[in-house]
Amino acid sequence: MARFWRSYKIDISVAALFTAITQYEIWIGPSPIFNEPVVGSHPSLSLLALGFTLPVAFTRALPIPGLVIALTLWSLPPSPGSSLSLFAIFLAVVLVVYLAATRTSGRIAIVAAALVVLGQVVPDFQELRRGDLATHFGEWVFFALAWVLGKTVRFSKMRGDRLALQAAALEQRRDSDVQMALVDERARIARELHDVVAHSVSLMVLQAGAARQALDWQPGRAREPLLAIEAAGREAMGELRRMLTVLRGHGEVDGLAPQPSLRHLDVLLGQMRAAGMPVRLAVNGSVDDLPKGVDLSAYRIIQEALTNSLKHSSHSAVDVRIRRMDDAIAVEVLDAGPSLNGNEPGVGHGLIGMRERSVLYGGKLEAGPNRDGGFDVKATLPLDAG
């Protein structure tokens, strides 16, 4: 709409210019450029000239009325003793034809084209009957070119609008796919956290039973199970709080297999090596007593990064580094690259899942191409998250 109003303002300006030129030539004298004589009553010729120039201002909005006014006046024979053959008027009528072509389609375009043809045939009917085509041939060419140019502009605009709509639809679909991937990943994380909490609660039940038996026979030995219950309870509460931040999926209940852990990373690396990707592991510090949620998320980040490297890279050497700090654990997957298909290994749903896991535990994730053409993933997860 804004583009239409900008064009409308231009039309008004052009109409004002044509009006000024024609009125100057009628009331003051021939222009120094064309030196076209004007013969007849100035008031009558002035009104007639306005009938040619003013439709330029509104034909874009009202194409059929603009065409009817301009071409009707164009087809009328001149009054005896008068002459208004001004080039500015001819240009105004040609511009009206062009504007009508840009704003009509379907049956309205057929009507507009018929008006253009009639506007040429009616005044030149006698010449056509005599076979004298040369007299007005130039005018016909100008009107035909104006119509064809207007239709070309309209078709180009319509094609551009269709492409813009398709691009908007594709962008909306891409955003929808990303949101669906985000929801699916959150549901998967929630199911894994559910299993972590279930394990902690099961441990609490077992330790509570041991503490109850110890209270009956050896009260002094009840302290250790109670401390274990307290630690497991705190850990379960932290996982429960994190579960509330994600959407729980309604898929099938996962099996009771043990959850992956950094302690079992050798199994994952063995699978990658068997698939043809050399992987080197460097561990600095102990990973035996990590909080279960942090341990699982760190494992999944490494797993996803290695899977992406296996899919997209040239199976060059990949370094996996784990560093235990006092308050956090840092994991790095450094792929020497380069990519096989030109796509970055981290781009896609995998990167979404890695970021979700990092944010869930208050950590941070850095992922991007390195100088060797490969792709690096670096994540830091606090140990006291929750």
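This report walks through aromatic pairs, a surface patch and paired strands in a predicted model.

Local features need pLDDT of at least 70, side-chain atom pairs count only at pLDDT 80 or more, and totals for chains, interfaces and linings use all residues. Residues are numbered from 1 along each chain as its sequence is written, and side-chain values use heavy atoms, with hydrogens and water left out.

**Aromatic pairs**

The structure holds 6 aromatic pairs. Rings of Phe, Tyr and Trp (its six-membered ring) pair if their centres lie within 6.5 Å; planes under 30 degrees apart count as stacked, over 60 as edge-to-face and the rest as tilted. Two of the pairs are set out here.

| Pair | Centre to centre | Angle between planes | Kind |
|---|---|---|---|
| Tryptophan 74 and phenylalanine 143 | 5.9 Å | 70° | edge-to-face |
| Phenylalanine 90 and phenylalanine 142 | 5.5 Å | 80° | edge-to-face |

Tryptophan 74 lies in helix H4 (residues 63–75) and phenylalanine 143 in helix H8 (residues 137–217), so their pair ties together parts 69 residues apart in sequence. Helices (H or I, at least four residues) and strands (E, at least two) are DSSP runs, numbered from the N terminus. Phenylalanine 90 sits in helix H5 (residues 87–102) and phenylalanine 142 in helix H8; this pair links parts of the chain 52 residues apart.

How buried or exposed are these rings? Buried means under 20% relative accessible area, exposed over 50%, and partly exposed in between (1.4 Å probe, protein chains only). Tryptophan 74 is buried, at 19%. Phenylalanine 143 is buried too, at 2%. Phenylalanine 90 counts as buried at 10%, but phenylalanine 142 is partly exposed at 44%.

Ring pairs join Phe52, Trp74, Phe87, Phe90, Phe142 and Phe143 into a cluster.

**A surface patch**

Tyr24, Trp27 and Ile28 form a nonpolar patch on the surface, with about 360 Å² of accessible area together. Patch residues have over 30% relative accessible area and no salt bridge; like charges are joined within 9 Å, nonpolar side chains (Val, Leu, Ile, Met, Phe, Trp, Tyr) within 5 Å. A salt bridge is a side-chain nitrogen of Lys or Arg within 4 Å of a carboxyl oxygen of Asp or Glu. Accessible areas come from the Shrake-Rupley method with a 1.4 Å probe; for residues, only the protein chains shown count as cover. Isoleucine 28 lies in the loop between helix H1 (2–27) and helix H2 (42–53). Isoleucine 28 is exposed, at 62% relative accessible area.

**Paired strands**

Strand S1 (residues 279–284) and strand S2 (residues 318–324) pair in the parallel sense over 6 bridges. Two strands pair if DSSP finds at least two bridges between them. Arginine 280 stands opposite aspartate 319 in S2. S2 and strand S3 (residues 328–335) pair in the antiparallel sense over 7 bridges, and a hairpin joins S2 to S3 through 3 residues.
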